[in-house]
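Q: I am new to this structure, and I would like to learn how to read the contacts between its side chains. Could you take me through them step by step?

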Amino acid sequence: MEGMEKKLNNYLEQIDKYLRPMAVSERIDIVKEIQSEMLELQHNDISPEQIIERLGSPKALAKAYLGETIAKSSGFSWRKLSAVIAFYSLAGLGGMIVLPVTSICGIAFMFAGALCPLAGIIKFAAHLMGHEIPQISIAFNTYTASASAFLPISFLTGIVLFAVGWFFWKLTIFTVRTMSSGKKKLEQL
């Protein structure tokens with residue numbers, strides 16, 4: 001039984017280590033909350049191995065708590081900055097590269113997708129009024145679309161760009177949910 005208790009204590013020590021950038025009082029509260037859940041599960045005859053399996057890796061669970069702490073307040077403090085750095089270090093490559101790329105690409109592509117049909121409407125309306133806007137055009141090799149052909153091409157291009165942007169945005173949401181699933185595991189226990 002002592003070896004089993006040691007496994008749970010080691011797990012809590014790892015959580016505490018990953019939460020070091022947080023304020024001591026917050027870190028202690030989190031460790032106590034996790035410990036309380038562990039004791040309740042043990043009381044319900046769940047083995048330490050099963051408890052640890054349910055909680056997931058200490059790194060992932062600590063990352064979820066760090067993310068929640070960062071999101072609580074919008075103010076700046078050096079302690080919060082260290083929590084952000086710790087979160088990104090725990091989030092790894094996904095947090096430091098994937099999230100910024102997917103979110104920026106998602107917004108940019110959706111915005112471009114909305115602008116393409118607008119450009120087509122403006123060019124076509126100007127053409128109907130006898131004006132040409134050479135700055136708004138589509139060209140493929142030697143082919144340059146006429147004002148009347150430009151309108152449907154701009155709508156099709158807009159739909160494709162918006163769909164690509166929507167995909168990147170959904171990928172961003174999926175990544176965030178995946179990264180914060182450790183906290184949800186604890187809440188479901």
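A: Let us begin with D16, which is buried at a relative accessible area of 18%, where buried means under 20%, exposed over 50% and partly exposed in between (1.4 Å probe, protein chains only). This is a predicted model, in which local features need pLDDT of at least 70 and side-chain atom pairs count only at pLDDT 80 or more, while totals for chains, interfaces and linings use all residues. Residues are numbered from 1 along each chain as its sequence is written, and side-chain values use heavy atoms, with hydrogens and water left out.

Q: Which residues are linked with D16 in a network of salt bridges?

A: Side chains of opposite charge can pair when their charged atoms come close. A salt bridge is a side-chain nitrogen of Lys or Arg within 4 Å of a carboxyl oxygen of Asp or Glu. Here D16, R20 and R27 are linked in such a network: the closest N and O atoms are 3.2 Å apart for D16 and R20, and 2.8 Å apart for R27 and D16. R27 is buried, with a relative accessible area of 11%, whereas R20 is partly exposed at 46%.

Q: How many salt bridges are found in the whole structure?

A: The search finds 3. One of them joins E49 to K7, with the closest N and O atoms 2.5 Å apart. E49 is partly exposed at 34% relative accessibility, and K7 is partly exposed at 39%.
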